[in-house]
Structure formats: C-alpha cells, structure tokens
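User: I would like a close look at one part of this protein. Please keep it brisk.

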Amino acid sequence: MNVALVFPPFYFEPMYNLPPLGLINLATALKDRHQVKIFDFVLAIRQGTLKMDKNIYDECARLVVESDPEVVGFSAQCTTFPAVIQIAHKIKLKKPDIRVVVGGHNASFVDEHVLKCYGWIDAVVRGEGEITFRELVEAYTCGADGKGIPGVTCRSDKAIVRNPDRDLMADLDALPLADYSFAPSFVEYRDACHLPRSIAVLEVGRGCPHRCVYCSESLLWRRQTRTYSVDRLIQEMQHLHEAMGAESFLLAYDQFTAQR
C-alpha cells in the first residue's frame, strides 16, 4: 500500500527542529512491504515552502492527497492535535476512501473519544506503534478494519472497537535501525533551523517509573523502562555519522541519567 506519514504544521521556533524519529521508525517498519512517504510540515514552514496563512491546512491536505496514499498516519501530541484533526478532515473530504490513522501520546489517552467526536478518523494506534501500525496496514491491505489487533481502537461495522493493549516490546534491540533516508538530510534541518551542526536524534530507551502529575510518559509506558544496548547505540551512532552525515547526537530518553 501507499502510506503517507504526517507531522503536522505546529511552528514554535525552539521546538520540532529535528527529523521526526517516531515517523521514521514507522516508515522503517513498513518499508519491506509498502511504499512510504513522510511529510514534515514544520520543516516545510522553516524552508518557506509552506505558508503560515489561513489556507495552511488546505495546502497540507492537498500535498498529502497528491501523493496518492491509501493510508495516512498522523503523529499527534497535545500541541499538534488540533492541526491533525483539521488536516485529516480535509483529506477525507478530498478522498473519502483514504484510511486515516492517528497515533502518539494525545490520541493514545483519548482514543475512543477521538473516534466518537471525529468521524473522519478510522483508527487510533495506542502506545508503541512499530508493530501495531504495521499490522494495521497489513489488515487494510487485506480489506479488514483492524478489529482484533492489539493496541488498536477502530471503527468496525459502525461500532467503535477497543482491542486489548499490546504488550510492550521486551527487547528494543530487535527493532531495525531507523532509516533516516525517509526524511530530508540532517544538513537540510541544520540550515533551515539554524542549528550549529547536523544533529541526529538517537533513542536511548523508553519509559519512566515515576508518577509526576504533569507528565504522560510514565502512564504511556506503564511505569516500565527499557533501554537499547550500548553496542546497539554505538552501531547506530557509527551508521548515522558515516552514512548519513550526522555530526552530533541528541540522546533521547527520560531516564538517561538513572543508571550511572
């Protein structure tokens, strides 16, 4: 299938100035069987190819539909959720048979509410997405609707079905190396975002054991923590430096300093 993965156009200068690693991970999980294209509309704003005016959501929807996708997946956080809903609606109006899927923190916690309120959203992928989203796309390929896939909340026979949670992956090293070729080069991000060097996001681990009231991380990851092995991280650093031109790394993990 043709799959479009969309990071919506929420622009705030200090934020979202690196490639969208979550979408890159999804693209990597799909690439063996599907055609995938990533749209980073924040980068498009920074590069001046997307105007911040009253037509921005229409333009985003037009660009996505022109790529002729059968499935469109959105990464949604609290800040980006309004843009996701607007663009998804416009995509459905242009091409009603496109399957629209939303994932990320915001949608994971209000999955049934999203489907009840926004009839143009077909499914929500809750929590960890690499396996769940791949299985959902495979189901769509076979003409199914996602019913029975752990971690998916979807429409099925005009009803909203919330499948059981999917177990968290026990071994993060089992995931393939993120294929950054799906995103623009690090140099493009460096220049558009006025960064001092080409920076790659390197996911070190996932999860948090704490109960901070202001944060969703521990709830999303069920108060569990997992890390990639040191050997895996060094391998990925070497690959991103030698093959992709990364000059430095942003090590992403809420508990990076927990194990000295």
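What covers the buried residues of helix 4?

Analyst: First, the ground rules. This is a predicted model, where local features need pLDDT of at least 70, side-chain atom pairs count only at pLDDT 80 or more, and totals for chains, interfaces and linings use all residues. Residues are numbered from 1 along each chain as its sequence is written, and side-chain values use heavy atoms, with hydrogens and water left out.

The cover of helix 4 includes helix 3 (56-66), strand 3 (71-75), strand 4 (99-103), helix 5 (105-109) and helix 6 (111-117). Helices (H or I, at least four residues) and strands (E, at least two) are DSSP runs, numbered from the N terminus. The residues under that cover are F81, A83, V84, I85, I87, A88, I91 and K92, which are buried. Buried means under 20% relative accessible area, exposed over 50%, and partly exposed in between (1.4 Å probe, protein chains only).

Now the length of helix 4. Helix 4 holds 14 residues, 81-94. The expected span is 1.5 Å times one less than the number of residues. That gives 20 Å for helix 4, and its end C-alpha atoms are 20 Å apart, which agrees.

Helix 6 contains V114. V114 counts as buried because its relative accessibility is 1%. Leaving aside neighbours within four places in sequence, V114 is in contact (heavy atoms within 4.5 Å) with F81, I121 and V124. F81 is one of the buried residues of helix 4.

R232 has a relative accessible area of 7%, so R232 is buried. Its side chain reaches the backbone oxygen of L175 at 2.5 Å. Setting aside neighbours within four places in sequence, R232 is in contact with L172, D173, L175, P176 and L177.

The largest share, 4 residues, comes from helix 10. By class, the lining has 11 nonpolar, 4 polar and 1 charged residues. Here Ala, Val, Leu, Ile, Met, Phe, Trp, Tyr, Cys and Pro count as nonpolar, Asp, Glu, Lys and Arg as charged, and the others, Gly among them, as polar.

Notes:
A polar contact is a pair of N or O atoms within 3.5 Å; within protein, one must be able to donate a hydrogen and the other to accept it, and residues adjacent in sequence count only if both atoms are side-chain atoms.
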